[in-house]
Amino acid sequence: MIRKYLTSQHKDIIQLLSLTLGKNNAWLFANDNYQLNKDEIQKLNVLIKNRANGVPFAYLSGAKGFYHLDFKVTTDTLIPRPETELLIDIALNLFTDNKEPYNILDLGTGSGIIAITLADKNPHWQVSATDFSQYALEVAKKNSTNDINFQQGSWFDAVPKQRFDLIISNPPYIKENDPHLLKLKHEPISALVSGKDGLDDIRLIIKRAHQHINKRGYLLLEHGYDQQEEIISLLQEKFSYIKTFKDYNFKNRAILSRLK
Ligand SMILES: C[S@@+](CC[C@H](N)C(=O)[O-])C[C@H]1O[C@@H](n2cnc3c(N)ncnc32)[C@H](O)[C@@H]1O
(Lines give C-alpha, C1' and ligand atoms only; values in the text may rest on other atoms or scores of the structure.)
Protein backbone atom coordinates (compact mmCIF):
# COMPACT_ATOMS: atom_id res chain seq x y z
CA MET A 1 0.00 0.00 0.00
CA ILE A 2 1.09 3.58 -0.65
CA ARG A 3 0.72 4.30 3.08
CA LYS A 4 3.56 1.93 3.92
CA TYR A 5 5.91 3.89 1.64
CA LEU A 6 4.70 7.31 2.72
CA THR A 7 5.72 6.56 6.30
CA SER A 8 9.11 5.12 5.26
CA GLN A 9 12.46 6.92 5.49
CA HIS A 10 13.41 6.50 1.80
CA LYS A 11 14.90 9.67 0.35
CA ASP A 12 12.36 11.70 -1.71
CA ILE A 13 9.81 8.90 -1.36
CA ILE A 14 6.83 11.12 -2.17
CA GLN A 15 8.40 12.29 -5.44
CA LEU A 16 9.47 8.74 -6.27
CA LEU A 17 5.93 7.42 -5.70
CA SER A 18 4.57 10.25 -7.78
CA LEU A 19 7.01 9.40 -10.59
CA THR A 20 6.19 5.68 -10.44
CA LEU A 21 2.44 6.09 -10.53
CA GLY A 22 2.21 9.28 -12.61
CA LYS A 23 0.08 10.89 -9.90
CA ASN A 24 0.48 14.11 -7.95
CA ASN A 25 1.04 14.39 -4.19
CA ALA A 26 -2.61 15.16 -3.44
CA TRP A 27 -3.67 11.94 -5.19
CA LEU A 28 -1.11 9.89 -3.24
CA PHE A 29 -2.40 11.12 0.13
CA ALA A 30 -6.05 10.79 -0.87
CA ASN A 31 -5.43 7.21 -2.08
CA ASP A 32 -2.94 5.98 0.47
CA ASN A 33 -4.66 2.57 0.59
CA TYR A 34 -3.86 2.00 -3.12
CA GLN A 35 -2.13 -1.34 -3.66
CA LEU A 36 0.84 -1.11 -6.03
CA ASN A 37 0.99 -3.87 -8.65
CA LYS A 38 4.11 -5.96 -9.33
CA ASP A 39 5.47 -3.72 -12.10
CA GLU A 40 4.94 -0.59 -10.04
CA ILE A 41 6.72 -2.11 -7.03
CA GLN A 42 9.63 -3.13 -9.22
CA LYS A 43 9.88 0.33 -10.80
CA LEU A 44 9.66 2.04 -7.41
CA ASN A 45 12.34 -0.19 -5.89
CA VAL A 46 14.78 0.68 -8.67
CA LEU A 47 14.09 4.39 -8.16
CA ILE A 48 14.50 4.09 -4.37
CA LYS A 49 17.83 2.30 -4.82
CA ASN A 50 19.19 4.80 -7.35
CA ARG A 51 18.11 7.78 -5.27
CA ALA A 52 19.72 6.24 -2.16
CA ASN A 53 22.92 5.87 -4.21
CA GLY A 54 22.91 9.61 -4.87
CA VAL A 55 21.51 9.74 -8.41
CA PRO A 56 19.96 13.24 -8.63
CA PHE A 57 16.17 13.24 -8.80
CA ALA A 58 16.29 15.13 -12.12
CA TYR A 59 18.10 12.20 -13.76
CA LEU A 60 15.46 9.79 -12.44
CA SER A 61 12.55 11.90 -13.65
CA GLY A 62 14.41 13.06 -16.79
CA ALA A 63 13.25 16.63 -16.27
CA LYS A 64 14.09 19.84 -14.44
CA GLY A 65 12.37 23.22 -14.29
CA PHE A 66 14.34 26.33 -15.22
CA TYR A 67 12.95 29.88 -15.29
CA HIS A 68 9.41 29.47 -16.70
CA LEU A 69 9.97 26.23 -18.63
CA ASP A 70 10.56 22.50 -18.09
CA PHE A 71 13.57 20.83 -19.70
CA LYS A 72 14.45 17.25 -20.49
CA VAL A 73 17.78 16.27 -18.95
CA THR A 74 19.93 13.18 -19.33
CA THR A 75 23.27 12.12 -17.88
CA ASP A 76 24.84 13.81 -20.94
CA THR A 77 23.69 17.20 -19.71
CA LEU A 78 24.32 19.24 -16.62
CA ILE A 79 21.23 19.56 -14.43
CA PRO A 80 20.08 23.19 -14.71
CA ARG A 81 20.98 25.22 -11.62
CA PRO A 82 18.86 28.04 -10.19
CA GLU A 83 22.01 30.25 -10.11
CA THR A 84 22.00 30.27 -13.91
CA GLU A 85 18.62 32.05 -13.90
CA LEU A 86 20.64 35.13 -12.99
CA LEU A 87 22.11 35.13 -16.53
CA ILE A 88 18.60 35.17 -17.99
CA ASP A 89 17.58 38.15 -15.82
CA ILE A 90 20.69 40.07 -16.85
CA ALA A 91 20.24 39.28 -20.55
CA LEU A 92 16.55 40.21 -20.56
CA ASN A 93 17.35 43.60 -19.02
CA LEU A 94 20.17 44.37 -21.42
CA PHE A 95 18.30 45.42 -24.51
CA THR A 96 15.43 47.85 -24.23
CA ASP A 97 14.08 47.33 -27.76
CA ASN A 98 12.73 43.77 -27.69
CA LYS A 99 11.54 44.00 -31.29
CA GLU A 100 15.15 44.21 -32.57
CA PRO A 101 16.44 40.90 -33.99
CA TYR A 102 19.52 40.82 -31.76
CA ASN A 103 21.98 38.02 -32.42
CA ILE A 104 22.54 35.96 -29.29
CA LEU A 105 24.93 33.05 -28.71
CA ASP A 106 24.74 30.52 -25.86
CA LEU A 107 28.16 28.81 -25.70
CA GLY A 108 28.09 25.35 -24.06
CA THR A 109 24.31 25.07 -24.12
CA GLY A 110 23.96 21.64 -22.42
CA SER A 111 20.23 20.92 -22.21
CA GLY A 112 19.65 24.26 -23.98
CA ILE A 113 18.26 26.15 -21.01
CA ILE A 114 19.81 29.57 -21.70
CA ALA A 115 19.21 29.67 -25.46
CA ILE A 116 15.69 28.24 -25.27
CA THR A 117 14.56 30.43 -22.37
CA LEU A 118 15.80 33.58 -24.10
CA ALA A 119 14.28 32.60 -27.44
CA ASP A 120 10.98 31.87 -25.74
CA LYS A 121 10.99 35.24 -23.96
CA ASN A 122 12.11 37.14 -27.08
CA PRO A 123 10.95 35.44 -30.28
CA HIS A 124 12.51 38.29 -32.31
CA TRP A 125 16.01 37.42 -31.17
CA GLN A 126 18.14 35.24 -33.42
CA VAL A 127 19.53 32.69 -31.05
CA SER A 128 22.41 30.28 -31.66
CA ALA A 129 23.57 27.58 -29.27
CA THR A 130 26.67 25.40 -29.30
CA ASP A 131 28.16 22.49 -27.43
CA PHE A 132 31.00 20.12 -28.17
CA SER A 133 28.89 17.22 -26.93
CA GLN A 134 26.71 15.82 -29.70
CA TYR A 135 24.64 14.03 -27.04
CA ALA A 136 23.96 17.23 -25.11
CA LEU A 137 22.97 18.95 -28.36
CA GLU A 138 20.49 16.16 -29.12
CA VAL A 139 18.82 16.83 -25.76
CA ALA A 140 18.84 20.60 -26.38
CA LYS A 141 17.22 20.12 -29.79
CA LYS A 142 14.46 18.01 -28.23
CA ASN A 143 13.86 20.74 -25.65
CA SER A 144 13.64 23.48 -28.24
CA THR A 145 10.33 24.67 -29.59
CA ASN A 146 11.92 27.74 -31.16
CA ASP A 147 13.99 28.31 -34.24
CA ILE A 148 17.46 28.03 -32.68
CA ASN A 149 20.65 27.59 -34.70
CA PHE A 150 22.37 24.63 -32.96
CA GLN A 151 26.02 24.00 -33.87
CA GLN A 152 28.50 21.44 -32.61
CA GLY A 153 32.13 22.31 -31.87
CA SER A 154 34.59 23.47 -29.28
CA TRP A 155 33.71 27.01 -28.19
CA PHE A 156 34.01 29.41 -31.15
CA ASP A 157 35.02 26.67 -33.61
CA ALA A 158 31.29 25.95 -33.80
CA VAL A 159 30.53 29.45 -35.15
CA PRO A 160 33.78 30.34 -36.97
CA LYS A 161 32.69 33.43 -38.89
CA GLN A 162 29.77 34.72 -36.92
CA ARG A 163 29.41 37.76 -34.70
CA PHE A 164 26.83 38.36 -32.01
CA ASP A 165 25.34 41.21 -30.00
CA LEU A 166 25.49 39.12 -26.85
CA ILE A 167 27.45 36.00 -26.04
CA ILE A 168 26.38 34.14 -22.91
CA SER A 169 28.14 31.18 -21.39
CA ASN A 170 27.89 29.06 -18.29
CA PRO A 171 31.10 27.13 -19.02
CA PRO A 172 32.75 24.46 -16.86
CA TYR A 173 34.50 26.34 -14.04
CA ILE A 174 35.27 23.92 -11.21
CA LYS A 175 38.88 23.22 -10.21
CA GLU A 176 39.99 19.67 -11.08
CA ASN A 177 40.74 18.78 -7.44
CA ASP A 178 37.74 20.52 -5.91
CA PRO A 179 36.26 18.30 -3.16
CA HIS A 180 32.72 19.37 -4.18
CA LEU A 181 33.14 17.15 -7.26
CA LEU A 182 32.50 14.08 -5.08
CA LYS A 183 28.90 15.21 -4.70
CA LEU A 184 28.57 15.80 -8.45
CA LYS A 185 29.78 12.42 -9.65
CA HIS A 186 26.61 11.62 -11.63
CA GLU A 187 26.94 14.70 -13.87
CA PRO A 188 29.26 14.85 -16.92
CA ILE A 189 32.75 15.83 -15.79
CA SER A 190 33.29 17.75 -19.04
CA ALA A 191 30.43 20.06 -18.08
CA LEU A 192 31.96 20.81 -14.69
CA VAL A 193 35.75 20.80 -14.59
CA SER A 194 38.14 23.21 -16.26
CA GLY A 195 41.76 22.63 -15.33
CA LYS A 196 43.73 23.33 -12.16
CA ASP A 197 42.13 26.66 -11.28
CA GLY A 198 38.79 26.07 -13.04
CA LEU A 199 39.50 28.87 -15.50
CA ASP A 200 40.89 27.05 -18.56
CA ASP A 201 37.66 27.35 -20.55
CA ILE A 202 36.88 30.89 -19.42
CA ARG A 203 40.39 31.90 -20.57
CA LEU A 204 39.78 30.32 -23.99
CA ILE A 205 36.41 32.02 -24.35
CA ILE A 206 37.67 35.46 -23.32
CA LYS A 207 40.70 35.17 -25.61
CA ARG A 208 38.59 34.71 -28.71
CA ALA A 209 35.32 36.41 -27.79
CA HIS A 210 36.28 39.81 -29.27
CA GLN A 211 36.42 38.22 -32.76
CA HIS A 212 32.78 37.13 -32.41
CA ILE A 213 31.11 40.12 -30.79
CA ASN A 214 29.59 43.01 -32.74
CA LYS A 215 30.78 46.53 -31.99
CA ARG A 216 29.71 47.46 -28.44
CA GLY A 217 28.27 43.96 -27.99
CA TYR A 218 28.29 42.09 -24.69
CA LEU A 219 29.91 39.04 -23.12
CA LEU A 220 28.12 37.53 -20.11
CA LEU A 221 29.80 34.75 -18.13
CA GLU A 222 28.78 32.63 -15.16
CA HIS A 223 31.73 31.73 -12.92
CA GLY A 224 32.82 30.31 -9.56
CA TYR A 225 32.37 32.41 -6.41
CA ASP A 226 36.16 32.95 -6.04
CA GLN A 227 37.04 33.68 -9.70
CA GLN A 228 35.77 37.24 -10.10
CA GLU A 229 39.06 39.14 -9.79
CA GLU A 230 40.95 36.87 -12.16
CA ILE A 231 38.21 37.11 -14.79
CA ILE A 232 38.08 40.90 -14.54
CA SER A 233 41.80 41.09 -15.25
CA LEU A 234 41.41 38.74 -18.22
CA LEU A 235 38.64 40.92 -19.63
CA GLN A 236 40.33 44.29 -19.25
CA GLU A 237 42.35 44.26 -22.47
CA LYS A 238 39.40 44.06 -24.87
CA PHE A 239 36.36 44.81 -22.72
CA SER A 240 35.04 47.77 -20.75
CA TYR A 241 31.86 48.42 -18.75
CA ILE A 242 32.69 45.42 -16.56
CA LYS A 243 29.77 44.73 -14.21
CA THR A 244 29.65 42.02 -11.54
CA PHE A 245 26.62 40.19 -10.14
CA LYS A 246 25.94 38.06 -7.07
CA ASP A 247 23.60 35.07 -6.99
CA TYR A 248 20.72 34.66 -4.53
CA ASN A 249 23.21 33.26 -1.99
CA PHE A 250 25.13 36.58 -2.25
CA LYS A 251 28.06 34.81 -3.94
CA ASN A 252 29.88 36.38 -6.89
CA ARG A 253 28.43 34.51 -9.86
CA ALA A 254 28.34 36.47 -13.13
CA ILE A 255 30.25 39.13 -15.04
CA LEU A 256 28.93 41.26 -17.86
CA SER A 257 31.31 43.21 -20.09
CA ARG A 258 31.14 45.20 -23.28
CA LEU A 259 33.52 45.12 -26.21
CA LYS A 260 35.66 48.28 -26.23
C1 LIG B 1 28.35 24.09 -16.92
S2 LIG B 1 27.67 23.24 -18.31
C3 LIG B 1 26.38 24.39 -18.72
C4 LIG B 1 25.27 23.79 -19.50
C5 LIG B 1 24.07 24.73 -19.67
N6 LIG B 1 24.45 25.92 -20.40
C7 LIG B 1 23.52 25.10 -18.32
O8 LIG B 1 23.70 26.25 -17.91
O9 LIG B 1 22.91 24.24 -17.66
C10 LIG B 1 28.92 23.53 -19.52
C11 LIG B 1 28.58 23.04 -20.91
O12 LIG B 1 29.71 23.35 -21.75
C13 LIG B 1 29.95 22.26 -22.60
N14 LIG B 1 31.37 22.30 -22.96
C15 LIG B 1 32.44 21.91 -22.23
N16 LIG B 1 33.58 22.12 -22.91
C17 LIG B 1 33.22 22.65 -24.12
C18 LIG B 1 33.94 23.08 -25.25
N19 LIG B 1 35.27 23.01 -25.31
N20 LIG B 1 33.25 23.59 -26.29
C21 LIG B 1 31.89 23.67 -26.25
N22 LIG B 1 31.15 23.28 -25.20
C23 LIG B 1 31.79 22.77 -24.14
C24 LIG B 1 29.57 21.03 -21.80
O25 LIG B 1 29.28 19.94 -22.67
C26 LIG B 1 28.36 21.55 -21.04
O27 LIG B 1 27.17 21.31 -21.75
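These legends describe close-up views of a predicted model.

**View 1. The open sheet has 7 strands.** The strand order is β5-β4-β3-β6-β7-β9-β8, and the pairing is mixed. Strands β5 (149-152) and β8 (239-246) stand at the edges with a single partner strand each, so one side of each has no neighbour in the sheet. From one strand to the next, the twist averages 15°.

**View 2. Strands β3 and β4 pair in the parallel sense.** Asp 106 stands opposite Ala 129 of β4. Helix α7 packs on the sheet, where α7 touches β3, β4 and β6, and its direction makes about 170° with that of β4. Helix α8 (residues 134-143) also packs on the sheet; α8 touches β4 and β5, and its direction makes about 170° with that of β5.

**View 3. Strand β7 (residues 213-222) is mostly covered.** Of the 10 residues in β7, 7 are buried. Strand β6 (residues 164-169) runs parallel to β7 and is joined to β7 by 5 bridges. Phe 164 has Ile 213 in β7 as its bridge partner. Between β6 and β7 the chain passes through helix α9 (residues 200-209), in a right-handed β-α-β crossover. Strand β9 (residues 252-259) runs antiparallel to β7, again with 5 bridges. Here Tyr 218 has Arg 258 in β9 as its bridge partner.

Conventions:
Residues numbered from 1 in each chain as written. Predicted model: local features only at pLDDT ≥ 70, side-chain atom pairs only at ≥ 80, totals over all residues. Buried ≥ 20, exposed ≤ 12 C-beta atoms within 10 Å, placed from the backbone. Helix = DSSP H or I, 4+ residues; strand = E, 2+ residues; numbered from the N terminus. Pairing = 2+ DSSP bridges. Right-handed = clockwise from strand over helix to strand, strands pointing away. Axes fitted to C-alpha atoms, helices over the stretch in contact; angles between N-to-C directions. Contact = placed C-beta atoms within 7 Å.
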